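The text below goes through the arrangement step by step.

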Amino acid sequence: MQQTVWAVDGSFFAQRVSGIQRYSLELLAALDAIAPAGLVEIVVPVGVETPVYRNIKVVPYGTRHGLAWQQLDYPRYLKRRGAKGLATCNVIPWFGFRGIAVVHDVCYRARRDFYKDSRRDRLSAAWHCLQYRRIAQKAGHIITVSEFSKAEIHKYYGVPLEKMDVVYNAWQQMQRIAPDDGVFAKHPQLQKGAYYFSMANLLKNKNFPWVLRAAKAKPDAVFAIAGGGSLAEEAARLGLADLPNVLYLGYVSDGEAKSLMAHCKAFLFPTLYEGFGIPPLEAVACGARQILVSDTPCMREVYGDCAGYIDLAANPGSVDDTTPPKDDPARLLQKYSWEKSAEKLLGILRENG
C-alpha cells in the first residue's frame, strides 16, 4: 500500500515567532530526527527560509504569501500531491483540506469578553471562532496541547474526545540560548535572587494588572516586568502608575530573559486562560527557583505539585497569599520533551495515514 504523505502548512516560517510558531518549529525539528524519509513534507511560500532537515522535505510552492497562500496555494498543493495536510497553527484552508489540525486553545470562544474593546479585537475573535468551527467540521483528527484544551474543544464545538490527541509543549529550546547577565548592569536596581519577574503584554488573559497590584501590596520588593508596548500607559489607566518598586524593562533579548528567569525570586504567571502556558516551564528550564501560576485546571494539569498557586478569586494581588509548591520545580523538566512529543505525533500520523 502506498505511504500517505503528510504536507505541513509551513506559512508560519514567515511569521514572527511566538508560542504557536515555537511549538511548530521545535516539534518539526524533533520529528525530523525520527520520521522515515518521504513521510512528511513542509510546504512553504516561495522565498521563505526554513531550517535544513534530514528526513523532511521542504517544498517551495505557489505565487502568493500570507493568508492568500494559506487559503489558496497550500490546498492546491495538497490536491496536486495527493497528500494529507498537517496544519499546526490553529488555521486550515477553508476548502480543500483533509488531514490533521492543531488547535492550541479556544480562548477566543471561551472568553469572548476579552475581545470586545476594539473592532480589530472583535474581527480577530470572529475569524478564529470560524476557524475553530471549520476545523471541528473538516479535520480528520485534532491535536491540542493539554487535556484541558481538549475538554474545551469538546465543550464548545462538540468534537468527540476520541477524535483528539494531546501533544504537549516542551522546554529544550532554552538550552540553545546563552544567558546575558549584562541586563543586571543595565538595571542596577535588580539584585540577583531578590526580585519578582514577569513577562507581560496587554492581552487580557495574561492578567498584567495582577502583577501591578502585587507590587503595590509589597513595596519592599522589586517587580521586574519585561515586554514592549504601552505597559506603563496601561498602569496609569489603572491608577497604578509610578510604583517605585516596579521596573519596566521593555523588550529584552532571549539571553537577557534567560538570565532574568535564572536569578528571580519567583517567576509570576497569573494567567486567566491558557491552552498550555509555556513561560513558567521555560523559566524553570532557565533555573528559576520558584514559579507562581494561577490556580486553574490547565495550570494544575501542566505544573502539578511543582508550582505555587494563586487563587485569583480570593487573591487580587499578593505574592505572599499563595499555595506553596509541594515538589521541586526541576522535576517538570523530566516530564516534558520535544522528543516525547515528536514520538507521539509520529504515532498519530501513522494511525491516521
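Predicted model: local features only at pLDDT ≥ 70, side-chain atom pairs only at ≥ 80, totals over all residues.

Residues are numbered from 1 along each chain as its sequence is written, and side-chain values use heavy atoms, with hydrogens and water left out.

Helices (H or I, at least four residues) and strands (E, at least two) are DSSP runs, numbered from the N terminus. Seven strands form an open sheet with parallel pairing, in the order β3-β2-β1-β4-β5-β6-β7; two strands pair if DSSP finds at least two bridges between them. Because β3 (57–60) and β7 (164–166) each have a single partner strand, they stand at the edges, and one side of each is left without a neighbour in the sheet. From one strand to the next, the twist averages 25 degrees. Angles run from 0 to 180 degrees between N-to-C directions, and axes are lines fitted to C-alpha atoms, for helices over the stretch in contact.

Within this sheet, β1 (residues 6–9) and β4 (residues 84–87) are paired in the parallel sense over three bridges, and W6 has K84 of β4 as its bridge partner. Helix α2 (residues 66–81) packs on the sheet and touches β1, β2 (40–44), β3 and β4, its direction making about 170 degrees with that of β1. Contact means heavy atoms within 4.5 Å.

The loop between β4 and β5 (99–102) holds T88. T88 counts as buried because its relative accessibility is 5%, where buried means under 20% relative accessible area, exposed over 50% and partly exposed in between (1.4 Å probe, protein chains only). Leaving aside neighbours within four places in sequence, T88 is in contact with F12, I20, S24, V102 and H104.

The other sheet is also open, with six strands in parallel pairing and the order β10-β9-β8-β11-β12-β13. Its edge strands, β10 (246–250) and β13 (308–310), each pair on one side only. Two bridges join the parallel strands β8 (residues 195–199) and β11 (residues 266–269), and F197 has F267 of β11 as its bridge partner. Helix α9 (residues 254–263) packs on this sheet, touching β8, β10 and β11, at about 140 degrees to the direction of β8. Helix α10 (residues 279–286) lies across β11 and β12 (291–294) and runs at about 170 degrees to β11.

Finally, helix α1 (residues 19–32) packs with helix α13 (residues 338–351) at an angle of about 75 degrees, their axes 8 Å apart.
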